[in-house]
Amino acid sequence: MTLNSDTSLLSAALDRVIPPVDDLPGAGGMGLAGEVVKRCEADSRFNAALTTVIGALPSPNDFTALDDEGQDGALRTVESSDPDAFGLWLDVVYAIYYMQPAVHRRLSWHGRTPQPEGNVMPPWDESVLEVARQREPFWRQV
Amino acid sequence: MTQPIHNPDRTADVLIIGAGASGAAVAASLSEAGFDVVCIEQGHWQDSFKFPTTEPDWELRSMSSWSINPNKRKLPEDYPINVENSAVDPVMFNGVGGSTIMWVAHTPRLHPSDFRVKSLDGVAEDWPISYEDLEPWYDLNDQVMGCAGIAGDPANPPRSERPMPPVPIGKDGEMIAGAFDRLGWHWWPSDNYVNSTRYGEGRDACNFCGHNMMGCYQRAKASTDLTYWPRAIAQGAELVTGARVREITTGADGRATGVNYLDSEGNNRHRAARAVVMAANGVGTPRLLLLSDSDKHPNGLANSSGLVGKNLMFHVYAGVSGVFPDHEEPWVGPVANIILSQEFYETDPDRDFVRGYSYQMARGQGPGATARSGPKRVSWGQNHHAELGRRFGNTLNLGVIGDDLPEEHNTVTLDDRLKDSSGLPAPKITYRVSENSRALLDHALVQGQAVMEEAGASEVMINQLSREAGWHLMGTARMGDDPERSVVNGNGQSHDIDNLFIVDGSVFVTGGAVNPTPTIQAIALRTADYITNERKDLKA
């Protein structure tokens, strides 16, 4: 699959995998299909998984003509016939969806990258060892 | 790092293969003792300011170009590994610093009993050295790498004061520790090679980003590119990067003469040396020994015992995850080096397995990783958001690291078809989880569930076996006194070739139930001291 491909089928599938919630559209409605294709093009494993999943689904017209239950059924068929490819495709979709600032806001997550700011922790408090220190040495003598 | 110009045509005193945990330690020790040292490393220097934890797509990159798994990372300096017949995937990093770039830097030590499992429990083999033999080098390594921790752990022999106080264990650590206390079970703050204060040249204190497996931007986590290599290079050691060793060469007398390698341009080169030290990890070292076969060494180098590549040990990993609805920010702090419990470390005749395991608490992750990892992936479809909402920000983990006894059918061999980017045969892993390991993990999962419930978890999930958890590559060129039952002696010296040494996890006889790097580095430093003191003939 390439960036020039028709992404309507992928977009519809993304909406079933991560459906709308609260005021957020589903992953397809958020316009993530292009990003999924782009990221998959950069990694041969990802691309193979994407190609497998999309290739195993009905044609775009047939898929979108199905009702929600039918679309989920089509996806489940792919999942059971090639769980590794489907799982990897799902992992990529999840990673991309949870990169989105709007999703972070909904989760009330700061969404910062881990660095350079890092985080703050309360300092080490030795009193937590009060019980553990009462234990006699019990390592096995040789 | 700037190096002086070296003459590539000289005969070095010692040539080291691999610039990771053990190779760096040997390079620093021998160069400080006046040896002319050259090290060949297939990877490159890392720039901590370019680690992916500063990029918005860091979670996605942990699945591809920054995966711990070389089969997923697929960088030119990696080699593919055939894992079709393995229950566990080996993971590693190829570069200056080796896997210390990607480790969590959890640094417990083996127990004295780990060196005597045959005598004590009637299984596997005893080591030719003891805990006490290694202790001075454990202490030295703790100083150079920088250990944060606190002495007094009742599960281990007394040890010297740690150079830094423990990294804070956080409210989540206290919650799990409290559960261990109430159950009457051991726990202790983990020894870490993570700075709790400024320590070492240009190395800050940890800022608790929670993702020390993806390189440390702060340089708070010790990796040997930051600790041993600057010392080695300052003493004149030469480090050649982007260069892949093809074989160890031998002379008419069968002794090692150096290596043939491919330089960064792909040109065939030879480096001559009076001794060769292998530090290429428990998969890379047996692979190279097998690749170095010749008329004089038809089964590969140093392999008269036939044990090169056999007795592969990984440590078996499993886990218990607990959901704590009232908990917040479980991603704050080091990811998996917080507290450990060794309540069930030693053999108990009342159990249906020998040896034991450690628990290591681990923290939660970002939303993407939460969705795709853990005991099971968050489901897709209508339940997705509710399930993610329950787990994200509320999940803590208890990892189980189990003793993995050596078995000759667990092997590293050369694959018939798979090749690396230089056309060299790739390693093939054959590995299955033993009945003893399975029984041990099953016991651990039951007890771990009790810990999570005692801590107040509303939901507990079990991971029976972690597949992508082969961090610890051990046993494939083990040490021993009997040349028919081991590859190297207690000094890491090949029984067959007196100027060939091995200092990585390959030499482990048994694996214990702890992360092996401090032991690997202590062994490397001890071997370096042996060379310094007993093999002055190797110095020009």
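Hi everyone, let me begin with how elements are named: helices (H or I, at least four residues) and strands (E, at least two) are DSSP runs, numbered from the N terminus. Counted that way, chain B has twelve helices and 16 strands.

A word on the source: this is a predicted model, where local features need pLDDT of at least 70, side-chain atom pairs count only at pLDDT 80 or more, and totals for chains, interfaces and linings use all residues. Residues are numbered from 1 along each chain as its sequence is written, while chains are lettered from A and ligands numbered from 1 in the order in which they are written.

Now the overall form of chain B. Its radius of gyration, taken over C-alpha atoms, is 22 Å, close to the 24 Å from the globule rule for 540 residues, so chain B is as compact as a globular protein of that length. That rule is 2.2 Å times the number of residues to the power 0.38. The C-alpha trace of chain B spans about 70 × 50 × 50 Å along its principal axes.

On to the sheets, where two strands pair if DSSP finds at least two bridges between them. Six strands of chain B make an open, antiparallel sheet in the order β4-β10-β11-β12-β9-β15. At its edges are β4 (188–189) and β15 (459–463) of chain B, each with a single partner strand, so one side of each has no neighbour in the sheet. Inside chain B, β9 (residues 316–323) and β12 (residues 395–402) pair in the antiparallel sense over eight bridges, and Val320(B) stands opposite Leu398(B) in β12(B).

Another open sheet of chain B has three strands, ordered β3-β14-β13, with mixed pairing. Its edge strands are β3 (82–86) and β13 (411–419) of chain B, each pairing on one side only. β3(B) runs parallel to β14 (residues 425–431) of chain B, joined by three bridges. Look for Ser86(B) opposite Tyr431(B) in β14(B).

Finally, how many residues does each chain bring to the contact? Chain B gives 52 residues and chain A gives 41 residues, where contact means C-beta atoms, placed from the backbone, within 7 Å. Helices α2 (58–61), α6 (170–183), α9 (367–372) and α10 (384–391) of chain B each supply at least two residues of the side of chain B that touches chain A. That side has 23 nonpolar, 19 polar and ten charged residues; here Ala, Val, Leu, Ile, Met, Phe, Trp, Tyr, Cys and Pro count as nonpolar, Asp, Glu, Lys and Arg as charged, and the others, Gly among them, as polar.

Note on methods. Two residues are in contact if their C-beta atoms, placed from the backbone, lie within 7 Å.
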